[in-house]
Amino acid sequence: MKPEQVVSKLASQTLKNDVFIGDEKIINGKNTVAKFTKQDLSAVNRVFKKQQTWVPSFKTNNYALNPAEKDDYRSSTLKKQVEDRLKQLNKKLKAPKDAYAYIEDGDLKVSKSEAGEQYDIEKIMSDYDKQEYNSEIHLTLSRLHPIKEDSKIVKDKTKVLKSLMNQSVNYSVQNKVYALNASELIKNAKATSKMKVTIDPSELKNKIEEINNNQSTLNKKFQFKTHTGKIISVQGQSYGWALNVSKETDRIQKAFENGTTSLKAYNVYGVGYSTYGIGYHNTTNNGIGTSYAEVSIAEQKIWIYKNGKLVITTDVVTGRHDTNEDTPKGLWYVMYKESPSTLEGSEAGNAHYSVKVDYWAPFTLSGCGFHDASWRRNWKKDAYLTQGSGGCVNTPPSVMKTVYDNLEQNEPVIIY
């Protein structure tokens with residue numbers, strides 16, 4: 001048979017395109033005609049020349065020959081059908097289970113691997129690309145294998161988790177440093193494929209809640225030494241701070257996961273005009289600091305201290321007592337300062353008022369603060385009982401500027 005006849009015979013060949021894996025047929029292919037043309041004549045001639053020998057031989061030789069023209073059905077359509085079919089079959093087959101390292105209840109463990117039945121699609125499709133141009137396609141059976149307990153990846157993950165359990169993060173809250181040890185606070189964790197650890201933060205959160213409960217000051221009572229030296233207890237109102245436990249837990253969790261060894265508290269909150277925790281940076285004088293305003297309702301007097309030294313004291317008139325408009329007791333802070341200012345509000349006997357003042361320094365959201373009161377005529381010690389203010393601390397105009405100049409935003413105001 002001549003090369004031209006071989007090309008003609010090949011061109012008339014019908015391909016069944018059935019696909020088998022092992023002995024199982026997974027695709028009933030569409031019959032197609034081989035794509036051999038005159039372009040393949042030179043390739044056939046090369047095969048003919050390989051068959052020529054100097055001496056007679058009865059040995060059988062097999063030669064693989066693919067057409068020069070691309071067979072789009074086999075290379076694209078059928079290939080996609082095979083891949084989709086394998087995915088479909090895998091859904092019904094048992095998947096292998098990889099061995100993996102993990103921490104459970106504080107103990108480092110390695111799970112056992114389990115064999116599965118699913119096909120290794122990547123390997124089978126790689127075999128598909130290497131197939132000879134035969135009528136049927138026979139692919140080598142290949143199944144997915146689990147990662148074994150003694151594999152390098154499991155050993156590496158074990159090493160990463162051991163390292164995690166030896167970690168410690170120094171967590172600073174104000175002037176206190178807490179040594180957070182992974183061996184005590186991380187009960188459950190695992191390592192990812194990229195050798196990063198993921199942690200169950202439950203115990204970390206409990207620890208941060210404990211620190212917050214013990215150290216935060218928001219809505220708690222403060223011990224305060226008055227100008228007389230007497231120790232009293234005052235209830236924190238807008239003054240005070242607390243940790244955002246959830247956000248701080250997230251930060252500490254990431255510190256352990258990333259290998260960070262020290263961290264300062266950052267997510268601190270409060271209430272009032274500023275939602276930042278006012279007083280967080282005060283660690284002296286039971287958290288009040290040494291610069292503050294002291295207001296005694298009984299004595300109708302204020303004392304302003306700067307860095308522990310008294311800078312001014314004066315008589316004042318506080319909220320009217322017989323109408324329950326008393327200046328609210330507790331620990332507040334100066335929200336802001338304004339000069340001049342217009343005060344608007346209501347009080348007993350005056351449903352709406354609007355007055356101008358030279359100096360204004362509020363300490364409650366309800367509108368109580370320090371201000372001058374040029375209209376006031378009664379400055380007696382008992383004036384507040386029946387002729388007091390609507391809740392503010394009325395200060396004599398002659399000293400108000402000095403008071404105003406020595407009040408600072410965010411400084412504590414103790415009222416008792």
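Contact here means that heavy atoms lie within 4.5 Å of each other. By that rule, and leaving aside its neighbours within four places in sequence, Leu161 is in contact with Ala101, Tyr102, Ile103, Leu108, Ala189, Lys190, Ala191 and Val197. The model is a predicted one. The protein has 416 residues, of which 42% count as buried, and its secondary structure consists of 10 helices and 26 strands.

**Overall figures**

- Among contacts in the protein with a separation of 6 or more, 64% are between residues 24 or more positions apart.

**Nonpolar cores**

- In soluble globular proteins, nonpolar side chains tend to be buried together.
- The largest nonpolar core here has 30 residues, and Leu164, Tyr171, Val173, Leu243 and Phe256 have the most contacts inside it.
- Helix α8, residues 245-258, gives the most to this core, with four residues.
- A second, separate core has 24 residues, including Ala293, Trp332, Met400 and Val413.
- Tyr171, from the largest core, has contacts beyond its neighbours within four places in sequence; among them are Lys176, Val177, Tyr178, Leu180, Ile208 and Ile211.
- Further contacts of Tyr171 include Leu243, Glu248, Ile252, Leu263, Lys264 and Ala265.

- Leu161 belongs to helix α5, residues 152-165.
- Leu161 counts as buried because its relative accessibility is 0%, and the cut-off for buried is under 20%.
- Between Leu161 and Tyr102 there are 59 residues of sequence separation, yet their C-alpha atoms are 7.3 Å apart in space.
- Strand β5 (residues 101-104) and strand β6 (residues 107-110) run antiparallel and are joined by four bridges.
- Ile103 has Leu108 in β6 as its bridge partner; Ile103 and Leu108 are also both in contact with Leu161.
- The two strands β5 and β6 make a hairpin with two residues between them, and Asp105 in the turn has a positive phi of about 55°.

**Helix α3**

- Helix α3 covers residues 72-90, and its 19 residues should span 27 Å at 1.5 Å a residue; the end C-alpha atoms are 26 Å apart, so the two values agree.
- A kink of about 35° is centred on Leu78 in α3.
- Leu78 is also one of the buried residues of α3, along with Tyr73, Arg74, Val82, Leu86, Leu89 and Asn90.
- The buried residues of α3 pack against the strands β1 (14-15), β2 (19-21), β3 (24-27), β4 (32-33) and β7 (137-139), and against helix α4 (121-129).

- β2 and β3 run antiparallel, with three bridges between them.
- Ile21 is paired with Glu24 of β3 through a bridge.
- Two residues separate β2 from β3 in this hairpin, and Gly22 in its turn has a positive phi of about 65°.

- β20 pairs with strand β26, residues 412-415, in the antiparallel sense over four bridges.
- Trp332 stands opposite Val413 of β26, and the second core includes both Trp332 and Val413.

**Backbone features in loops**

- Asn17 lies in the loop between β1 and β2 and has a positive phi of about 60° although it is not a glycine.
- Asn17 is buried because its relative accessible area is 0%, against a cut-off of under 20%.
- Asn324 is found in the loop between β19 (309-315) and β20, and it too is not a glycine but has a positive phi of about 60°.
- Asn324 is exposed because its relative accessible area is 69%, and exposed requires over 50%.
- The peptide bond from Ser339 to Pro340 is cis, with omega near -5°.
- Pro340 sits in the loop between β20 (330-333) and β21 (341-347).

Key:
Residues numbered from 1 in each chain as written. Predicted model: local features only at pLDDT ≥ 70, side-chain atom pairs only at ≥ 80, totals over all residues. Heavy atoms only, no water. Core = buried A, V, L, I, M, F, W, Y, C linked by side-chain atoms within 4.5 Å. Buried < 20%, exposed > 50% of the residue type's maximum accessible area, 1.4 Å probe, protein only. Expected span 1.5 Å × (residues − 1). Bend = angle between axes of the 7 residues up to and from the residue. Pairing = 2+ DSSP bridges.
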